[in-house]
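These notes concern the cavity and the ligand. Please read them beside the model.

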Amino acid sequence: MRRFVIFLLTAALLLTCGCAGPAGDGEDWEDDLIVVGVSQVGAESDWRVANSESIKAVFTEENGYRLLFEDAKQQQENQISAIRKFIQQKVDYIILMPISETGWDSVLQEARDAGIPVILVDRMIETEDDSLYTAHIGSDFREEAEMAVSWMEETYGTEPVNIIHLQGTLGSTAQIGRTAGLEDAVARHSNWTILTQLDGDFTQAKAYEVMCQYLAQERGVDIQVVYCENDNEAYGAIEALEEYGYTCGPEGVSVISFDATRTCLTLCLEQKIALAVECNPLLGELAEETIQTLEAGDTPEKHTYVEESCFTWQELTQEQIEARPY
Ligand code: AHR
């Protein structure tokens with residue numbers, strides 16, 4: 001009887017303080033660490049891997065964090081499930097790298113109802129209610145496209161330019177910005193033609209597959225530029241172009257790539273990639289600063305865009321490549 005009474009008193013105490021509930025009732029975090037749930041898109045590209053590593057490098061126990069990291073394997077429904085799980089686990093913050101811009105309102109409303117700030121990293125979301133996220137840190141993808149467009153204008157002038165456009169994951173901010181920049185420029189330049197738009201899904205394998213299909217159908221088509229919306233697509237495109245007898249380089253097809261990871265820069269120095277537009281994946285520290293701002297009770301910037309530049313083989317050096325952390 002005495003044991004039973006102690007059991008009842010303990011259970012009542014636990015219920016009152018709201019901790020150590022059963023599964024689904026929130027985790028019992030027995031330390032002072034700040035709990036951060038991260039929903040990452042996947043591992044589709046070298047950029048993405050570098051981005052995940054930069055997050056994992058800062059949200060460590062030594063720095064005062066417990067990191068719950070979920071890889072969504074390129075599926076939005078997995079990201080939505082991860083966010084719901086983080087809410088159940090009563091995390092302190094959610095970091096979301098949204099795969100696409102739309103479809104987030106309900107789940108972010110749930111996070112807000114639970115009082116959990118959501119920080120968007122990398123891409124943006126489309127919503128009428130921008131209070132659904134606390135801050136956004138990422139790239140200005142449209143500005144990246146403008147760098148590519150300026151290079152094409154300087155390189156080709158009034159000559160005819162036939163372009164193959166390899167798009168990234170349709171509906172993602174990176175695809176939307178990079179596509180809009182190119183399409184607007186094509187509308188302004190009567191000498192520029194988009195021969196085809198292919199969905200490369202930001203992966204090497206898909207880019208190679210769709211490029212091979214196109215080149216097999218349109219044997220010997222005249223191509224000046226292949227505009228690849230990320231590095232991995234550029235690798236797949238180069239492989240396909242070379243298999244179909246094209247030369248990538250100053251005397252042949254100009255391959256334009258976005259990200260500018262080390263492998264891409266090496267290909268640029270070898271002149272196979274004509275232009276590498278930088279997209280900085282090292283966003284972990286900025287995400288951590290945002291959380292520290294919130295911890296201090298201050299309001300972080302709503303949007304932070306990282307500075308980026310671009311590289312051509314004429315100016316690139318081996319030292320720059322070696323200094324590249326990703
Ligand atoms: O959103 C950033 C883009 O997503 C990068 O350019 C690409 O490599 C990644 O998969």
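1. A search of the whole structure turns up one cavity of 30 Å³ or more. A cavity here is a set of points, on a 1 Å grid over the protein atoms alone, where a 1.4 Å probe fits but cannot get out; a volume is the space filled by probe spheres set on the points, which are joined across faces, edges and corners. The model is predicted: local features need pLDDT of at least 70 and side-chain atom pairs pLDDT 80 or more, while totals for chains, interfaces and linings use all residues. Residues are numbered from 1 along each chain as its sequence is written, and side-chain values use heavy atoms, without hydrogens and water.

2. The largest cavity holds about 90 Å³ of space. Its lining (residues with an atom within 4 Å of a point) has 13 residues, with W47, R48, R123, F202 and D259 closest to the centre. Helix 2 (46-58) and helix 6 (173-188) are the elements giving two or more residues to this lining; helices are DSSP runs of H or I, at least four residues, numbered from the N terminus.

3. The ligand sits in the largest cavity, meaning that more than half of its atoms lie within 2 Å of the grid points. Helix 2 and helix 6 each supply at least two residues of the shell around the ligand. By class, this shell has four nonpolar, two polar and six charged residues.

4. Which side chains place an N or O atom 2.5 Å from an oxygen atom of the ligand? Those of E44 and D259 do. For S45, a polar side-chain atom lies 2.9 Å from a ligand oxygen. The protein covers 100% of the 280 Å² of accessible area (Shrake-Rupley method, 1.4 Å probe) that the ligand has on its own.

How values were computed:
On a 1 Å grid over the protein atoms alone, a cavity is a set of points where a 1.4 Å probe fits but cannot get out, and a pocket is an open set with protein on both sides within 12 Å along at least five of seven lines; lining residues have an atom within 4 Å of a point. A polar contact is a pair of N or O atoms within 3.5 Å; within protein, one must be able to donate a hydrogen and the other to accept it, and residues adjacent in sequence count only if both atoms are side-chain atoms. Ala, Val, Leu, Ile, Met, Phe, Trp, Tyr, Cys and Pro count as nonpolar, Asp, Glu, Lys and Arg as charged, and the others, Gly among them, as polar.
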